[in-house]
Amino acid sequence: MATSHQASGIQAARLDAAGIAENFSDLHPAYDAHEAAVAADRCYFCYDAPCMTACPTTIDIPQFIREIQAGHPESAARTILEQNILGGMCARVCPTETLCEEACVRETAEGKPVEIGRLQRYATDTLMEKGVHPFTRAAATGKKVAVVGAGPAGLAAAHRLAMLGHDVVVYDAKSKAGGLNEFGIAAYKSTNDFAAREVDWLLQIGGITMDYGKKLGAELSLDALKDSYDAVFLSIGLAGVNALRAPGEDKDGVRDAVDFIAELRQAEDLTALPVGRNVVVIGGGMTAVDAAVQSKLLGAENVTIAYRRSREDMGASRFEQDLAASKGVKLMFNVMPKAVHGNGAAAEIELEYTAVADGKFSGTGETVRLAADQVFKAIGQTLEGQPDALELEGRKIKVSETGRTSVAGVWAGGDCASGGEDLTVTAVAEGRDAAMDIHSSLMG
Amino acid sequence: MADLTTEFLGIKSPNPFWLASAPPTDKEYNVRRAFEAGWGGVVWKTLGAEGPPVVNVNGPRYGAIWGADRRLLGLNNIELITDRPLQTNLEEITRVKKDYPDRAVIVSIMVPCEEQAWKDILPQVEATGADGIELNFGCPHGMAERGMGSAVGQVPEYIQMVTEWCKKYYSKPVIVKLTPNITDIRNPARAANAGNADAVSLINTINSITSVDLDNMAPEPTIGGKGTHGGYCGPAVKPIALNMVAEIARDPQTRGLPISAIGGVTTWRDAAEFMALGAGNVQVCTAAMTYGFNVVKEMISGLSNWMDEKGYTSTQDFIGMAVPNVTDWQYLDLNYVTKAKISQDDCIKCGRCYAACEDTSHQAIAMSEDRVFTVKDDECVACNLCVNVCPVEGCITMEEVPAGQVDERTGEVVSGEYANWTTHPNNPSATAAE
């Protein structure tokens, strides 16, 4: 018997298994061959294509779409994967609406871009379903590289290094690889355990040893790694979470959105995952949207995203905002948390309206209270546990264009490193480019 | 709505859109549906001589090529003439013509090149009440191997001979259908004219292999591991047909010979183009076979709207109007200068014009850092390739450089005076001829 939407507090089983299955199905279902052919035919094969320029990994998009048109999606997959070894996941999670598809000339022409993301998925799925790994390792170089963090940046670096003939050990603090692909990101973007399957597929290259339960600063130290390996690549992500700094933050029912999402992604049975009746998510990025939408899909009655600035400032794309709205999530702008109220457990959240006057952001004094038995904090993640030896830039590890840190022999990439947006695709590009630089530095 | 009534060889039809002799006109059932949909006339699928009918293959008869979104651009077939008994066809033709007296019914015929064969069949066809006959001298496959179809159409003497027999044994209009599988279409047309044909119709299909099955290593359509050339038609052949129609229309020996044009007519515009080049009407097949008989409705509304816009009250008003403007290359005005112009408002910045011009033509398009594409007038030879590859219709146009203005490519002032190759100083014959 399912708990109803209206049951107060944080409850499991608000929806039955069928409802959950429907809600958490693929956001963008895979193309079949006919759909792919129709979609591919729309590509104009632009010169110096804007979509390609917009892609952080610079995939040759016109080329791969032409390969789909010409009936060999396996070649298309290779074209994609040469630039982006996690092309399968990126096809699912990339905010294409702000990257390749925004740049597509058919977006300019008709407001309907070529569906590049779905075509990329068609190509990579076709190849992966055949169990084919299209790359082989170069002759062994005898060099050893340590990669710390098995997220997108780490995996991309490891694959490229292994392909170039180096031996790679990838450490991760968790018991599973994938990083945010596995523990973050909305479930409806990575269905059927795709993140894990993609890691297995990637490791087919060989030469990569995975070593779990090893955390930098605990089981691992940078000095020891430097001593044992020819190079070190750090892709430790952003382990810290910003606090609300509002009274009542410690009440039951208030938690980090990333933890909720990780728990959701690892849950065997989503009907067993509790969610509030009235959920308020604080933040304006992709994590906020992922937490809010999934709360709604789990059966929460009212879900609100409360963002301190305007819609235009929101980190989540318009597509993500619309997705949230279409699932029944309410978007509130220009409000910030003032306090969480409740007797032990959260019951209400008090929000203060904000305004920008003369370039200064501040509360207006006017407040509003929303029922909230569950409050998710999604106001940004921060670097945590980085070795002291590394110079920082802002709140991230300072790196060069090719990922070199201030310490010789140590590279970094992904969310923990300076430069680039915090996206899977950016992390892949940084991991790949650092690997190339490590390679040239090792092979001198 | 303009009146589309068209009279061709004295045969009246409510519009100039006839269905060509082909599978769509093989049976009473189809022809009745066609007339109900609005077709002005039909050329009944080719009848053969009395006796056991021909036998078609039992595997695939058609092959195709496609454009984007699998839009069918070209179709090829290896079907033969009607495989139904002569008497059945004659009875059906009689019934249909009786029920649709306002529509044109033409009977296509292909019998051996013997006078007796024609003498036998023509009275039977005449008895149906059909409005005329069309001699199938065009089929490029199967029947040609038996000495008929294009085997006749490729020998002008045979065309004239058979046409003469038909004029002798048949009292109504005789249309000779020409094969394009020949080097100069004027010769068979002249032969038909010499044999007193009332009209020619063209083009029949073009010898073709549409594709090769790379697993079985055989041409497609493949019949039991083998394939053969078939007859190619559809939008892809229209340019070839337009040229052949124009060649006959402007040939001094055949000028004025009525033409029924065939070859890739898909919309009203295709029909209007053929008619402007001298065709009295058009025949359609592939468009109907691709989309069904209802395609005629767009042809009717489109042609009629266009005629209204232009103030034409009858199809006669524009038939042949473009013929005087078809000329030989040597008479083209070499002092006519245009330059490509890219509308920045319409440009979607795909860069195809740039790639085409830079890689394969005259390096006359500049591309800025922020993808603004502009024409370099000092390099542009006005080849039109950019216009042709641009995905946005009307975005790139060819603008005439008016007389008195300098052509930046040559540095010369455009004279505005007509001058062609025959008088050009670079032409060795220009002086030699004097």
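This is a predicted model: local features need pLDDT of at least 70, side-chain atom pairs count only at pLDDT 80 or more; totals for chains, interfaces and linings use all residues.

**From the interface to the two chains**

Modeller: In the interface, 12 residues of chain B are in contact with 10 residues of chain A, contact being C-beta atoms, placed from the backbone, that lie within 7 Å of each other. The side of chain B that touches chain A divides into 7 nonpolar, 1 polar and 4 charged residues. Here Ala, Val, Leu, Ile, Met, Phe, Trp, Tyr, Cys and Pro count as nonpolar, Asp, Glu, Lys and Arg as charged, and the others, Gly among them, as polar.

Colleague: What makes chain A as compact as a globular protein of its length?

Modeller: Chain A has 17 helices and 17 strands, these being DSSP runs numbered from the N terminus (helices H or I, at least four residues; strands E, at least two). Its radius of gyration is 22 Å, close to the 22 Å that the globule rule gives for 444 residues, so the description holds. The radius is taken over C-alpha atoms, and the rule is 2.2 Å times the number of residues to the power 0.38. Along the principal axes, the C-alpha atoms of chain A fill a box of roughly 65 × 55 × 55 Å.

Colleague: Why is chain B also described as compact as a globular protein of its length?

Modeller: Chain B has 13 helices and 22 strands. For its 434 residues the globule rule gives 22 Å, and the radius of gyration of 24 Å is close to that value, so the description applies. The C-alpha trace of chain B spans about 75 × 55 × 50 Å along its principal axes.

Colleague: Why is helix H4 (residues 61–69) of chain A called largely enclosed?

Modeller: A residue is buried if 20 or more other C-beta atoms lie within 10 Å of its own, exposed if 12 or fewer, and partly exposed in between. In H4(A), 7 of the 9 residues are buried, so the helix is largely enclosed by the rest of the structure. The buried residues are Ile61(A), Pro62(A), Phe64(A), Ile65(A), Glu67(A), Ile68(A) and Gln69(A). They pack against several helices of chain A, including H2 (33–40), H5 (73–83) and H9 (116–129). Gly71(A), which follows H4(A), has a positive phi near 85 degrees.

Colleague: Which peptide bonds are cis?

Modeller: Among them are the bond from Leu202(B) to Ile203(B), with omega near 10 degrees, and the bond from Glu220(B) to Pro221(B), with omega near 0 degrees. Ile203(B) is in the loop between strands E10 (199–202) and E11 (206–208) of chain B, and Pro221(B) in the loop between strands E13 (218–220) and E14 (230–233) of chain B.

Colleague: What makes a group of residues a nonpolar core?

Modeller: The term denotes a set of buried Ala, Val, Leu, Ile, Met, Phe, Trp, Tyr and Cys residues joined through C-beta atoms within 7 Å. In the largest such core, of 158 residues, Ile61(A), Val232(A), Phe233(A), Val281(A) and Ala292(A) touch the most other members. A second, separate core of 99 residues includes Ala144(B), Leu202(B), Ala241(B) and Leu277(B).

Technical notes
Residues are numbered from 1 along each chain as its sequence is written. Chains are lettered from A and ligands numbered from 1 in the order in which they are written. Two residues are in contact if their C-beta atoms, placed from the backbone, lie within 7 Å.
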